[in-house]
Amino acid sequence: VERGTFSHRHAVIHDQQTGVKYSPLDHVNPNQRKEMFTVSNSTLSEFGIMGFEFGYSMENPHSLVMWEAQFGDFANGGQVIIDNFLSSCEAKWLRQNGLVLLLPHGYDGQGPEHSSARLERFLQMSNENPFVIPEMNPKVTKQIQECNWQVVNITTPANYFHVLRRQIHREFRKPLIVMSPKYLLRHKECKSKITEFVDVEGNGDDQEGGKFMRLIKDKNNHSHLEEGVRRVILCSGKVYYDLDEERGKINAKDIAICRVEQLCPFPYDLIQQELKRYPNAEVVWCQEEPMNMGAYFYMLPRLWTCTKTLGRGSMEAIKYVGRDPSAATATGFYKIHQMEQSELVHKAIKNQPINYPF
């Protein structure tokens with residue numbers, strides 16, 4: 001569409017004095033051909049438009065086709081397309097599809113209808129066995145080729161760039177589900193250096209720059225063995241910035257915070273690498289969503305598979321910090337939202353051991 005309500009989605013600018021239209025994307029390259037970019041306004045039908053984009057992506061596998069929801073919950077209107085076509089087209093018809101869904105997903109206190117992109121639905125529909133660690137050679141794409149799609153919740157501009165770049169440069173196609181909170185569009189700490197967008201040969205998965213990072217390790221430059229860290233918090237998405245801010249306030253240097261940027265396929269190798277780095281730390285999964293939503297029930301058995309392999313205890317050793325189970329995705333009162341958010345962040349960083357939910 002020409003006019004988007006997000007700060008990053010204005011495809012056409014109107015001159016207020018003359019009414020002349022200007023599209024910056026028509027002038028990315030010098031002497032750019034006009035047919036390289038086309039914009040057209042569409043009817044407001046999530047079901048219809050997502051179905052169109054699915055078909056367009058099927059017929060044009062070399063194009064980067066993206067469907068974006070106004071708010072995450074608008075994906076509800078396209079759920080039939082997601083369930084019957086996007087999640088299972090390869091299993092049903094042996095046809096790969098590279099459609100990208102951009103789903104604004106963030107607990108910003110805007111009420112239940114504008115808070116959740118239903119991350120749990122996409123994770124529940126993934127076909128990955130939570131109790132079997134697949135072949136994890138980083139140079140082999142077997143894990144993702146056996147998965148029906150990818151689900152990511154990204155915290156840096158560079159990683160966002162690289163996941164889209166990876167999507168189009170691969171020799172195969174898989175749907176990509178991107179949780180993209182509006183909150184991070186203007187967050188002062190959500191930024192990347194120019195060098196992080198540039199190709200760097202030989203970078204590992206846990207190093208910044210050059211490629212998409214499935215997991216971002218703690219920002220403090222920890223060694224390969226940190227026995228003094230008492231807690232490692234695993235999280236995904238914008239809650240990281242709240243946790244890091246709270247950690248800075250009390251100078252909790254004995255807490256490590258790792259960001260799981262790619263939830264599906266699950267980064268078993270990188271999770272195990274971080275757990276080995278902190279052998280004495282309690283393992284905590286922190287999320288903003290209620291316990292019965294979000295990534296918790298997807299993460300729990302997979303984290304247990306990792307800890308079991310490393311001899312780190314039972315499933316009860318994996319602690320939970322987040323909102324209590326709820327029928328609604330979020331509260332409708334901003335003050336209650338702020339109170340809930342403050343409580344879960346404080347609980348994750350507090351000095352006392354975490355015993356919830358077991």
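These are my notebook entries on what I looked up in this structure, which is a predicted model.

**Entry 1: the five-stranded sheet**

I began with the strand order. Five strands make an open sheet, and they run β7-β9-β8-β11-β12 with mixed pairing. Next I checked how β12 is held to its partner. Strand β11, residues 282–290, is parallel to β12, and five bridges join the two. For one such bridge I noted the residues: Trp 285 has Tyr 320 in β12 as its partner. I also looked for a helix against this sheet. Helix α7 (residues 239–250) packs on the sheet and touches β8 (231–235), β9 (255–260) and β11. The direction of α7 makes about 170 degrees with that of β9.

**Entry 2: Val 321**

I stayed with β12 and picked Val 321, which is found in that strand. Is Val 321 buried or exposed? Val 321 is buried, because its relative accessible area is 1%, and the cut-off for buried is under 20%. I listed its contacts, leaving aside neighbours within four places in sequence. Among them are Val 284, Trp 285, Cys 286 and Gln 287. Val 321 is also in contact with Leu 344, Lys 347, Ala 348 and Ile 354. As a distance check I took Pro 130: Val 321 and Pro 130 are 191 residues apart in sequence and 21 Å apart in space, C-alpha to C-alpha.

**Entry 3: strands around β6**

I moved to strand β6, residues 176–179. Both of its faces are covered. Leu 176 and Val 178 lie on one side, Ile 177 and Met 179 on the other, and all are buried. I then looked up its pairing. β4 pairs with β6 in the parallel sense over four bridges, and Leu 103 has Met 179 in β6 as its bridge partner. Strand β5 (residues 150–153) also pairs with β6 in the parallel sense, over four bridges. There, Val 151 stands opposite Ile 177 in β6.

I searched the backbone for exceptions. Most residues other than glycine have a negative phi, and most peptide bonds are trans. Which residues does a cis peptide bond join? The bond joins Cys 264 and Pro 265, with omega about -5 degrees. Pro 265 sits in the loop between β10 (262–264) and α8 (268–277). I noted two positive phi values in residues other than glycine. Leu 94 has phi near 55 degrees and is found in the loop between α3 (89–93) and β4 (100–103). Leu 94 is exposed, since its relative accessible area is 73% and exposed means over 50%. Arg 118 has phi near 60 degrees, and its place is the loop between β4 and α4 (119–124).

**Entry 4: surface points**

I looked for a nonpolar patch on the surface. Phe 333, Ile 336 and Met 339 form one, with about 310 Å² of accessible area together. Ile 336 belongs to helix α10, residues 334–349. Ile 336 is partly exposed, with a relative accessible area of 34%. Last, I checked Ser 223, in the loop between β7 and β8. Ser 223 is partly exposed, with a relative accessible area of 35%. Ser 223 and Leu 86 are 137 residues apart in sequence and 42 Å apart in space, C-alpha to C-alpha.

Methods
Residues are numbered from 1 along each chain as its sequence is written. This is a predicted model: local features need pLDDT of at least 70, side-chain atom pairs count only at pLDDT 80 or more; totals for chains, interfaces and linings use all residues. Side-chain values use heavy atoms; hydrogens and water are left out. Two strands pair if DSSP finds at least two bridges between them. Contact means heavy atoms within 4.5 Å. Axes are lines fitted to C-alpha atoms, for helices over the stretch in contact, and angles run from 0 to 180 degrees between N-to-C directions. Patches are made of residues with over 30% relative accessible area and no salt bridge: like charges are joined within 9 Å, nonpolar side chains (Val, Leu, Ile, Met, Phe, Trp, Tyr) within 5 Å. Accessible areas come from the Shrake-Rupley method with a 1.4 Å probe; for residues, only the protein chains shown count as cover. A salt bridge is a side-chain nitrogen of Lys or Arg within 4 Å of a carboxyl oxygen of Asp or Glu. Buried means under 20% relative accessible area, exposed over 50%, partly exposed in between (1.4 Å probe, protein chains only).
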